[in-house]
Amino acid sequence: MVKKRVVHEPLWVKTLLFLISGAFLFVFIVLPLVTIFREAFKSGIAVYMETFSDPGVMSAIKLSLLTVLICVPINTFFGVFIAWLLTKYRFPGRKVLITIIDLPFSISPVIAGLLFIFLFGSFGWFGAWLMEYDIRIVFAVPGIVLATLFVSFPFVARELMPLMRELGKDDEEAALTLGASGFQIFWKVTLPNIKWGLLYGIILTNARALGEFGAVSVVSGFVRGVTTTMPLYIDILYGEYMFRAAFALASLMTFLALVTIIAKAVLEYYIAAQRKSMEVKIQS
Amino acid sequence: MNIEIANVNKKFGNFVALDDVSISIPKGEIIALLGPSGCGKTTILRIIAGLETPDSGVIKFFGEDFSNKKIKDRKVGFVFQHYALFRHMNVFENIAFGLRIRPRKIRPDEKTIRENVMRLVSLVQLDNFVNRFPSELSGGQRQRVALARALAVEPTVLLLDEPFGALDAKVRKELRLWLRRLHDEIPVTSIFVTHDQDEALEVSDSVVIVNKGKVEQIGSPEEVCDSPANPFVADFLSDVDELSIKKKKKGLFNVINDKRQGI
Amino acid sequence: MDKMKLTTVLFVLFLASFAYSQGKAAKKVTLLNVSYDPTRELYQDYNKVFAEHYKAKTGVEVTINQSHGGSGGQARSVIEGNQADVVTLALAFDIDAIGTARKGLIADNWIARFQQNSSPYTSTIVFLVRKGNPKGIKDWDDIVKPGVNVITPDPKTSGGARWNYLAAWAYARAKYGEDKARDFVKKLYGNVSVLDPGARGSTNTFVQRGLGDVLLAWENEAHLIVKELGGGNFEIVTPTISILAEPSVTYVDGIVNKRGTKDVAIAYLEYLYSEAAQRIIGKHYYRPSNPEIAKEFPIFANLKLVTVDKDFGGWAAAHKLHFADNGQFDQIMRDLKKK
């Protein structure tokens, strides 16, 4: 066999790879997205807008947004905190903590939902106590928030841990010697260094919090207009043969997802612009 | 007045990093902590900075017991082997950092900060690079920024951890002389860590030779070369070219370094 | 900068979501009706009419929240703490289960509290086939033939599914005798390709996804599909024997006493027996339990109907024998898996 020193792939290989990946992306991502919008608008704009005059739909949107508004900041904060803790310090139980962080990934969302029933349901660990004080967690909004918090937690932490490990602690130590307080170090040194990893983690958290179905469906109780998030309500609409409405709501969710991606691009632009503004005029 | 560390011990787990180390550093001198890898010299430096705490022993700055003082209260300047520049800030912002983060009460105004920073920028000969970001600088340039940054907060002692270790041989040699010159202009007490014998002997006023957590000998470069205290020291300094060192040191004071670029 | 402030704001938001859900009960009278799968449209209509009626009568504004799902699953959620004021489930047994699991949540004699054993509407099981009935299905025997694909939900979670199962068993017992009944039912489930958790899911599978030759459906679902949703592509085939399904309604004592909604709940359930409500019931293809009103809806075919009480010794016995763990259904499924 003659050994050829191939420096670049031949054109046909490149074309083939391109076509295969293009086809894959098209079929599994572009086509479904386009279908959602097509089905949503199939009967015209009037029918599409009618969906959003349904009070059940509006309450589902509000509940989903409320859940995201609570879960994303909390998980971001604790994600950063835990990533910091795990990469900068050594302590007994560290490895256990790392495994626990991955728990929401490894168990099925339905099981995650059941966990909350086992904790807060009337026969759960806290059941009797909760009933006595008439505190409602499962089958009410707090349960939905908790379940969503659980399943969307790992993203920020897992994005940041390898990043922070690689960055090391030199920068932070330098800032320490220059007299910076803990908060100043975090805000001016650590945060800018991790910002892209953090942003990506936030986007993933947001996506999961908005789109979660399994865990939420278990703790929800499906009380329409009260404990139905957008994904749950889409399921309801579909089950009632209201396909236009189901796809209309789905198109809204898709749109929200696109908005987060656009927000990321805007942020990139903004940060680059900030760089420019730091320039100092040198006097000759 | 000086920096003193007395009877310092430090263990990492079962590993003895420092064993009853005592060093006294006169004010205004440059001293080198010299020894093979893993001998504990960086640990000594970090303990002086406050980045590590000793298991036992005392650290005194100018007579005052600093053993329990927080890092930022010690007013030390630290230069890292891998620069540790803030990558999202340009040269100016990096150097200005220590001044800008001061609490409002003792923070100088923007004009003063600018003056100080630009003065340091000139001192390290990076006037045309003030708006560059660390990723746009060479290794030597980055280390000069790191030095300027450390000096901006007017530290009482300057600590350098293998400052030229990440640079190539030619740049190392040039920066070594440059550092000596800088110290003549700004005679802040300086302690630097190195495993390079030539570097230690050329730059420093005194050398502390460390091995396996113990201080083997302290003395001027001539002393340790002419009268090594024990076989280890003798062996460690065995391939040092004494004559050339003496020549370089003399020549340093006669040669004015006009290089303004390229280091 | 204000991480403290941010944290406080978030914590307050979290508490607010608590208050939001608790507070809902205090502002106006709300009832939660936990129901089973196919009654969505029925209660949507009924709730509107009842609210108007109740407001006119007492001046109180009532909002009724609905929850729908497989009857067994819905019962379990009430057991686990879903605070239903009323439950309107597929079978009395599911309601009994709630009272058994949580003592005192529902009074033991609940079934006698409303007329006709607390069943304001009844239904039965029929077959839904595709237009033209290509497989020529006329009765139960036809659907156990090899090559016929049957769609029916899972009896472990769906109340409707249990009615389906017992109807099949009743037919087999009548035609072939008790000892052949099990084999008959086994053949039936051998022909089932998809076992959805709820009746509505099965309907979806048959109608939307186009799977299966015959759907064992609630009569009301079948009519709904033929008349409104199926686009004219389906027909109803009425078997010779079927089972009288008596979905039951009641209020949940433990909840209504605590929430002070007992009067409203009773009014809500009683109104189901009123003429206006019975007509709504008929309109949604349920058999009104009021025989006079029932006459106004001739579409309900007459067929031989067995009942759980008379022919299966009551739900408790039927459940124990057929649907409990390791009961007949579990054994049938195990046998089928072995093949």
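Predicted model: local features only at pLDDT ≥ 70, side-chain atom pairs only at ≥ 80, totals over all residues.
Visitor: Where in chain C is S118(C) placed?

Guide: S118(C) lies in helix α5 of chain C, which covers residues 115–118.

Visitor: Is S118(C) buried or exposed?

Guide: Buried means under 20% relative accessible area. S118(C) has a relative accessible area of 0%, so it counts as buried.

Visitor: Which residues does S118(C) touch?

Guide: Leaving out residues up to four places away in sequence, S118(C) touches W110(C), I111(C), R113(C), P247(C), S248(C), V249(C) and Y273(C).

Visitor: Which backbone oxygen lies 3.1 Å from a polar atom of the S118(C) side chain?

Guide: That is the backbone oxygen of I111(C). The backbone oxygen of W110(C) lies 3.5 Å from a polar atom of the S118(C) side chain.

Visitor: Turning to the interface, what area is buried between chain A and chain C?

Guide: About 3,300 Å² is buried there, with carbon and sulfur atoms giving 64%. R136(A), F139(A) and Y241(A) supply 21% of the area that chain A buries against chain C, more than any other three residues. By contact, 36 residues of chain A meet 33 residues of chain C.

Visitor: How many salt bridges and polar contacts are there between chain A and chain C?

Guide: There is 1 salt bridge, and 9 residue pairs are in polar contact, both residues at pLDDT 80 or more. D134(A) forms a salt bridge with K258(C), the closest N and O atoms being 3.3 Å apart.

Visitor: Which element gives the most to the side of chain A that touches chain C?

Guide: α3(A) does, with 6 residues. The residues on that side of chain A divide into 28 nonpolar, 4 polar and 4 charged.

Terms used: Residues numbered from 1 in each chain as written. Chains lettered and ligands numbered in written order. Heavy atoms only, no water. Helix = DSSP H or I, 4+ residues; strand = E, 2+ residues; numbered from the N terminus. Buried < 20%, exposed > 50% of the residue type's maximum accessible area, 1.4 Å probe, protein only. Polar contact = N/O pair within 3.5 Å; in protein donor to acceptor, adjacent residues only side chain to side chain. Contact = heavy atoms within 4.5 Å. Buried area = accessible area lost by both parts, 1.4 Å probe. Salt bridge = Lys/Arg side-chain N within 4 Å of Asp/Glu carboxyl O. Nonpolar A, V, L, I, M, F, W, Y, C, P; charged D, E, K, R; others polar.
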